[in-house]
Amino acid sequence: MITAIQAIPSIPFLLTLALSLTLVHSSGDACTDGVDAASGVPCRPDDDARGHDDARRMVHIQRMTCEDGAVARWNSVDREMVRFKVNNWAGVTLEVALAVRRGVLQWNRVQPFYAMWETAREGADITIELFDDVLPGIVGATRVKCRNGREGIRKAYVYLGLRGVGAVEAQNMTAHEIGHAMGLGHSDRSHDLMDARLAEKDIDERTICPSNLNRAGLIAGTHSYAIPEKEWAEVDCAGRTRG
């Protein structure tokens with residue numbers, strides 16, 4: 001499916017979240033005292049601009065924000081779980097419905113705050129709506145309700161368009177949108193679960209789980225969190241970091 005998965009911020013209508021996908025490099029110079037730091041050979045006049053070697057490249061993940069501009073997070077005070085409810089309006093198969101639930105529950109493996117717990121009752125913290133289609137060009141969307149940083153996220157609504165979608169892709173789409181519901185924005189690391197262009201990748205071929213960037217980003221107190229690209233690592237669905 002060649003359609004970008006989008007996040008919807010906490011506003012009452014569907015507005016696509018647009019985030020920069022540019023890699024930001026450190027300001028350090030590769031040329032010191034007239035000698036290239038990597039090769040040891042004399043620098044050329046334009047070598048001072050080469051501060052973009054792979055060792056210094058950073059990858060970023062954004063945070064969702066509340067209406068007052070604060071970083072959006074679920075308050076963990078007096079909370080042991082986040083309850084989710086699935087409404088299968090599309091009548092998807094049992095295989096796909098179970099994949100959606102796996103996409104939610106895999107976040108239990110990578111975040112330490114509280115358990116994701118399914119409920120059949122109204123008033124769930126996260127409501128997941130399964131449709132044939134969401135909007136033209138959008139296969140997944142998330143709306144987060146957060147008035148201010150003190151109250152934190154109060155509710156989140158995930159919308160998935162699952163027409164023609166198989167189990168693996170449904171799980172990946174769900175996991176991506178639940179990342180938004182937990183307060184994460186998009187990352188600028190290709191193949192990361194929270195990559196804004198996730199649906200343009202071959203997400204129907206293998207299960208993609210949250211990375212160490214996603215995991216650390218959940219507890220970041222700033223609007224953008226970054227790690228060196230060389231430290232980025234996939235996390236398997238059991239929560240173990242892959243070397």
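## A first look around

Modeller: Gladly! Let us begin with Arg73, which sits in the loop between strand 4 and strand 5. Bear in mind as we go that this is a predicted model.

Colleague: How does Arg73 count: buried, exposed or partly exposed?

Modeller: The relative accessible area of Arg73 is 26%. Buried means under 20% and exposed means over 50%. Since 26% falls in between, Arg73 counts as partly exposed.

Colleague: Which residues does Arg73 touch, not counting residues up to four places away in sequence?

Modeller: Arg73 has Arg150 77 residues away along the chain, with their C-alpha atoms separated by 9.6 Å. As for touching, residues up to four places away in sequence are not counted here. The residues that Arg73 touches are then Arg63, Gly152, Ile153, Leu218, Ile219, Ala220 and Gly221.

Colleague: Let me step back to the whole chain. How many helices and strands does the protein chain have?

Modeller: From the N terminus on, the elements run β-β-β-β-β-α-β-β-β-β-α-β-α-β. Counted up, the secondary structure comes to three helices and 11 strands.

Colleague: Among contacts between residues at least 6 apart in sequence, what percentage join residues at least 24 apart?

Modeller: For background, the protein chain has 243 residues, of which 47% count as buried. Among its contacts between residues at least 6 apart in sequence, the part that joins residues at least 24 apart is 73%.

Colleague: On to the helices. How far apart are the end C-alpha atoms of helix 2?

Modeller: Helix 2 covers residues 167–181, which makes 15 residues. At 1.5 Å a residue, helix 2 should span 21 Å. The model agrees with that expectation, because the end C-alpha atoms of helix 2 are apart by 21 Å.

Colleague: How many residues of helix 2 are buried?

Modeller: Helix 2 is largely enclosed by the rest of the structure. That follows from the count of its buried residues, so here it is: 14 of the 15.

Colleague: At what angle do the axes of helix 1 and helix 2 cross?

Modeller: Helix 1 takes in residues 94–105, and its axis comes within 7 Å of the axis of helix 2. The crossing of these helices is right-handed. The angle is roughly 35°.

Colleague: Which residues of helix 2 make the contact with helix 1?

Modeller: By class, this contact has eight nonpolar, three polar and two charged residues. Helix 1 brings Glu95, Val96, Ala99, Val100, Arg102, Gly103 and Val104. From helix 2 come Ala167, Ala170, Gln171, Thr174, Ala175 and Ile178.

Colleague: Where does Arg101 lie, and which residues is it in contact with, leaving aside its neighbours within four places in sequence?

Modeller: Arg101 lies in helix 1 and counts as partly exposed at 22% relative accessibility. Arg101 and Glu118 are 17 residues apart in sequence and 8.5 Å apart in space, C-alpha to C-alpha. Leaving aside neighbours within four places in sequence, the contacts of Arg101 are Phe84, Val86 and Glu118.

Colleague: Is Leu94 buried or exposed?

Modeller: Leu94 lies in helix 1. The relative accessible area of Leu94 is 64%, and the cut-off for exposed is over 50%. Therefore Leu94 is exposed.

Methods
Residues numbered from 1 in each chain as written. Predicted model: local features only at pLDDT ≥ 70, side-chain atom pairs only at ≥ 80, totals over all residues. Heavy atoms only, no water. Helix = DSSP H or I, 4+ residues; strand = E, 2+ residues; numbered from the N terminus. Expected span 1.5 Å × (residues − 1). Buried < 20%, exposed > 50% of the residue type's maximum accessible area, 1.4 Å probe, protein only. Axes fitted to C-alpha atoms, helices over the stretch in contact; angles between N-to-C directions. Left-handed = near helix turned anticlockwise from the far one by under 90°. Contact = heavy atoms within 4.5 Å. Nonpolar A, V, L, I, M, F, W, Y, C, P; charged D, E, K, R; others polar.
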